[in-house]
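Subject: the structure, plus notes

Hi,

Here is the structure I promised to send over.

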Amino acid sequence: RASTKPLFRFLVAETMGSCLGVPPRGDDLSSGRDGASYSVAIGRNKPLKRSRIAWNAEGPMTAGQLESKRDEFWETAPLFGGKIEIWNALKAAAEAAESQDYDLAQAIVDGANVILPKGVLGESYDELGNRYVIPDYCLSAPKNLVTENAGELKTDAAPPTRRTPDCAEDDDNDDDGLTFPLKLRLS
């Protein structure tokens with residue numbers, strides 16, 4: 001009686017739409033019927049690297065601009081392919097990794113069955129072989145990020161000064177007697 005086990009595995013792999021085929025003959029998964037060995041590059045999963053990506057924006061970028069750019073990417077990414085559940089998991093993992101909670105990021109990636117062939121979130125695959133590419137600006141802040149201080153305006157102008165009585169005669173409608181240097185840039 002002939003064994004149907006290898007043929008059954010081949011039929012199941014072919015009919016289920018698997019992108020990772022099983023060789024039709026023999027129980028050895030490393031070689032096919034022609035003797036060639038099979039290997040799948042995306043099957044090699046590496047743990048998430050615990051390092052930040054260092055990059056520079058084309059021009060100085062504020063935190064608000066960075067957040068806006070990230071929001072735009074995450075809102076439009078599912079439209080270009082892949083499953084929305086994987087995109088949501090990658091977003092959560094990227095946010096966890098940026099806050100340096102690499103254990104949480106790894107748990108999210110593992111829970112979603114995301115494969116990281118290089119150990120970075122920038123390029124990943126799901127279990128069906130769909131490729132997901134995340135730009136650097138979603139993974140870390142640029143080195144040339146401009147900081148914004150709330151309520152504090154940085155300027156090189158001098159502090160306000162009291163007006164002298166002789167120049168107060170020129171302006172009839174000025175009651176408080178304070179002057180402020182004003183610098184304007186028109187660009």
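Let me start with Tyr132, which counts as buried because its relative accessibility is 0%. Here buried means under 20% relative accessible area, exposed means over 50%, and partly exposed is in between, using a 1.4 Å probe and protein chains only.

Before going further, some housekeeping. This is a predicted model, in which local features need pLDDT of at least 70 and side-chain atom pairs count only at pLDDT 80 or more, while totals for chains, interfaces and linings use all residues. Residues are numbered from 1 along each chain as its sequence is written, and side-chain values use heavy atoms, with hydrogens and water left out.

**The aromatic rings**

Tyr132 has a partner: its ring centre is 4.9 Å from that of Trp87 and the planes are at 75°, so the pair is edge-to-face. For the terms, rings of Phe, Tyr and Trp (its six-membered ring) pair if their centres lie within 6.5 Å; planes under 30 degrees apart are stacked, over 60 edge-to-face, and the rest tilted. Trp87 sits in helix α3 and Tyr132 in strand β3, so this pair ties together parts 45 residues apart in sequence. Trp87 is buried too, with a relative accessible area of 5%. Helices (H or I, at least four residues) and strands (E, at least two) are DSSP runs, numbered from the N terminus.

The structure has five aromatic pairs. Another of them is Phe73 with Trp74: the ring centres are 5.1 Å apart and the planes at 70°, so this pair is also edge-to-face. Phe73 counts as buried at 14% relative accessibility, and Trp74 counts as buried at 11%. Ring pairs join Phe73, Trp74, Trp87, Tyr132 and Tyr137 into a cluster. Have a look at Lys69 as well, which lies over the face of Tyr137 at 4.7 Å from the ring centre. That label applies if NZ of Lys or CZ of Arg is within 6 Å of the ring centre and within 35 degrees of the ring normal.

**Helix α2**

Phe73 and Trp74 are among the buried residues of α2, along with Leu66 and Arg70. These residues cover an arc of only 90° around the axis, which puts them on the same side of α2; the arc is that of the directions from the helix axis to the C-beta atoms. The face turned away from that buried side carries the exposed Glu72 and Glu75. The buried residues pack against β1 (61–62), α3 (84–98), β3 and β4, with contact meaning heavy atoms within 4.5 Å.

One of those residues, Arg70, also turns up in the contacts of Ser140, which touches Ile53, Trp55, Arg70 and Glu98 when residues up to four places away in sequence are not counted. Ser140 is in the loop between β3 (131–133) and β4 (145–146), and is buried at a relative accessible area of 2%.

Which residues touch the most other members of the largest nonpolar core? Of its 28 residues, they are Phe73, Trp74, Trp87, Leu90, Val114, Leu121 and Ile134. α3 gives the most to this core, with eight residues. A nonpolar core here is a set of buried Ala, Val, Leu, Ile, Met, Phe, Trp, Tyr and Cys residues joined through side-chain atoms within 4.5 Å. Leaving aside neighbours within four places in sequence, the contacts of Leu121 include Leu90, Val109 and Ile134.

Val109 is one of the buried residues of α4, with Tyr102, Ala105 and Gln106. Seen down the axis of α4, they fall within an arc of 100°, so they line one face of the helix. The buried residues of α4 pack against α3, while Asp103 and Gly111 are exposed on the other side of α4.

Gln100, in the loop between α3 and α4, has a positive phi of about 65° although it is not a glycine. Gln100 counts as exposed at 52% relative accessibility. Asn113 follows α4 with a positive phi near 55°, and counts as partly exposed at 42%.

**Overall**

The protein has five helices and six strands, and buried residues make up 26% of its 187 residues.

Cheers
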